[in-house]
Amino acid sequence: MIDVAVSGLGAVCSAASSAAELEQALREMKPGVKKNLIYDHEEPVAAGVVDEVPAAAEEREGAYPTRTGLLAVAAAREAIGQSGLSGPDLAAASVIAGSSVAGMTESERAFFRLRSGHGLDEEYDFWKQHPSGRVSDAVADAFGLGGTRITLSTACVSSTQAIAAAVYMIRTGRADAVLAGGSDALCRLTWYGFRSLKVMDDDVSRPFDRNRAGMNLGEAAAFVVLEPLDRAKARGAKPLALMAGAGMTADAYHMTAPDPEARGAVRAIRAALDDGGMRKDEVGYINAHGTGTLQNDSMEATAVRNVFGENKSAPAVSSFKPFFGHTLGAAGALEAVSSILCLNTGFLPATPGLEEVDEACRLNHVPAGGVKKEVDAALSNSFAFGGLNTVLAIRRVAG
Amino acid sequence: MTVSVQQFSITGTGLVTSLGTGGAEIKNAIERGESGLSRLETADGEFFAYVVKDFREKELVPAKIRRRMSRVSKLAYCAAALALEDAGVRDPSQMGLVVGTGLGELAVSREFLDGMHERGPHLASPALFQNSVHNAAASFISMGMGMRGPATTVSQGWISGECALAAGELLLAAGLCESVLVIGVDGLDPAWFEVIDTGPYISDRGLRPFETDSAGCVWGECAAAVVICDADSAGGAGVKLVLESVLKGNAEEAAVRAGGRICRGCRSVMPTASGSQLRDRQLESAIGKMFAQKPQIVLPQTFTGASPVSGLMFTAFAAAGIMPEGPDADVLVLGLDEGEGAAALRVQTPKEQGLKK
């Protein structure tokens, strides 16, 4: 089987404007989630807002950029730059993007203008901004990627599935290089939607804590460049990690609530281990989905305990959601990028805000302050509305 | 660069269109010369579109989930149930599941935003929000049918159906499952017409692709589902698929490259022309460049309207022997996106029998 290498990383989120900055933010355990006056709130509430969304490198007539698209292009630019992909290799590369929101930020603005009796904004074009497919188009157009472009829209596992699909494309010879990841901007629909479900914490979230009170939303984009390991080495690129495998399952249980017995999540973790040729005892770290909601965190802990048992040799676990918020369609890719940074620095940050572990969430949590630990293999978990479970298996590249 | 030619087999189809539900009903309606065009009256005026009316939802969708589902999810569910039945699948629990949709739950999102506008954002509806995600249809299908295998939702503009087939084929090729249920679905929400601002949905003449006096794109609701498995499965319709994109060019060039790889010997073409003058002109030109002799042009959209998942619907039409009619069909389905992408599918149906049951 073809080994799939990660040769480039890119990220933009509230905690950092690049993957390089994110590495520092994680090492210093400096969160990007802050209390902001946002939308119609009269008091500040916690959110992972990107203060400055990088502008497009060139303004093209009729381009109609979106906030989600601009975030995606910025993260993709860093990943491509690090990979060194250029010329015909870049022109032949494919892009698989994940996005849950896509152009909704712009569409809802247009919609509310109309409902308030104003005409359509000249800056708005439905077909060029709203459809999810425009996220991968934006990235492909910005960098001249002439390969396949596909956008997956599966809520909070969108970009995790994008990376999984890219691995399958490379393994089956359908692509030589794939830019895979995801992007989502904040919008009112998701903001007030999650509030209507009463799963948001106005303070910074505390995943796995017994006093946790919900999640924080954030916005972000993250991409990785994937290619066959041999090919990366042959063109002189430095493999940053191996994307060893993935597991994808569905709960078939409930639209929003996870299966409390975690059967789907367990199967996804086992499938990722199997697909990645990874033994349980090799896994030293799990980057948890860890949203901070009561149901998700206890379900996820159940799944991890079920697969790895409850002992000191079980993998260390932490959630980075308090660093950058739950970034929905970008979350899986952002956390995969973060996991690779942790493998390569040998430092595992703790879950910010975790002070008193909930009995239902007992795991080998990374201790407060983080820990220095050489880890060779890690998992990155993602779960989503509709009972979707996707887990990535990642290996450190020796040397 | 292209996705190299991928092959798979179709062993079952399920269709819900404005002409009816199920292949036989749709075929009969076409033979009677019926059209699914309907007049819609909204606060913004009068529109015409191809609207699905009765689609056997009470028969095909379990009551326990039906009341929570959006219209788009119900359309998709019905097509999925018909395809599984047609393929003779009794236990879909380990199958892959892929839904393609251009615009997803647009009507649900609009209802949610309307609620926010009218009652204030803090009284937004949780029931609408959870149904607003693109993968809502896949989730209800997964729950209702007990599908626990890999599941995803693809959205890629006007070639969303074709890209869903590509994703389904990828699940097969990667060895994640032995068969995949692939569904394409898009609904209609007239309340968005003003936001979409495409204007000419006002003709009662219906969709007239390639005609010089075409009144423009006329939307058609539909759900189409196919069960796919590896190409060696005997008895199913054989399908070849190419996805293509070009750089700084146009979608016509992509269409020529995609179709050119697999079109030799095809007797007919089903272009996903929508009535949009630019797209139709590009498709017409691409077909002219691919074929020395003009092939038979088959246009189901004149009965059903245009949809971002037309490519998948046409594939199901061909596999089920609806259009082109009967067995032994050899047809090229050609799709274009608004951007610089195109997709081509070649559907070859068995000479004597219908699809494998």
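## The contact between chains A and B

In this predicted model, 56 residues from chain A and 55 residues from chain B take part in the contact between the two chains. On the side of chain A that touches chain B, the elements giving two or more residues are the helices α4 (104–115), α5 (126–129), α6 (133–143), α7 (158–171) and α8 (188–196), together with the strands β5 (149–152) and β8 (241–250). The largest contribution to that side comes from α4(A), which gives seven residues. Sorted by class, the side of chain A that touches chain B holds 28 nonpolar, 20 polar and eight charged residues.

## Overall build of chain B

Chain B contains 13 helices and 13 strands. Its radius of gyration is 19 Å, close to the 21 Å that the globule rule gives for 357 residues, so chain B is as compact as a globular protein of that length. The C-alpha trace of chain B spans about 60 × 50 × 45 Å along its principal axes.

Of the 357 residues in chain B, 64% are buried. Where contacts in chain B join residues at least 6 apart in sequence, 78% of them join residues at least 24 apart.

## A helix pair in chain B

Helix α10 (residues 251–260) and helix α11 (residues 277–290) of chain B have axes that come within 9 Å and cross at roughly 40°, which makes α10(B) oblique to α11(B). The crossing in which α10(B) passes α11(B) is right-handed.

From α10(B), the residues making the contact include Ala255(B), Val256(B) and Gly259(B), and from α11(B) they include Leu283(B), Ala286(B) and Met290(B). By class, the contact of α10(B) with α11(B) comprises six nonpolar, four polar and two charged residues.

How values were computed
Residues numbered from 1 in each chain as written. Chains lettered and ligands numbered in written order. Predicted model: local features only at pLDDT ≥ 70, side-chain atom pairs only at ≥ 80, totals over all residues. Helix = DSSP H or I, 4+ residues; strand = E, 2+ residues; numbered from the N terminus. Rg over C-alpha atoms; globule rule 2.2 N^0.38 Å. Buried ≥ 20, exposed ≤ 12 C-beta atoms within 10 Å, placed from the backbone. Contact = placed C-beta atoms within 7 Å. Nonpolar A, V, L, I, M, F, W, Y, C, P; charged D, E, K, R; others polar. Axes fitted to C-alpha atoms, helices over the stretch in contact; angles between N-to-C directions. Parallel < 35°, antiparallel > 145°, perpendicular 65-115°, else oblique. Left-handed = near helix turned anticlockwise from the far one by under 90°.
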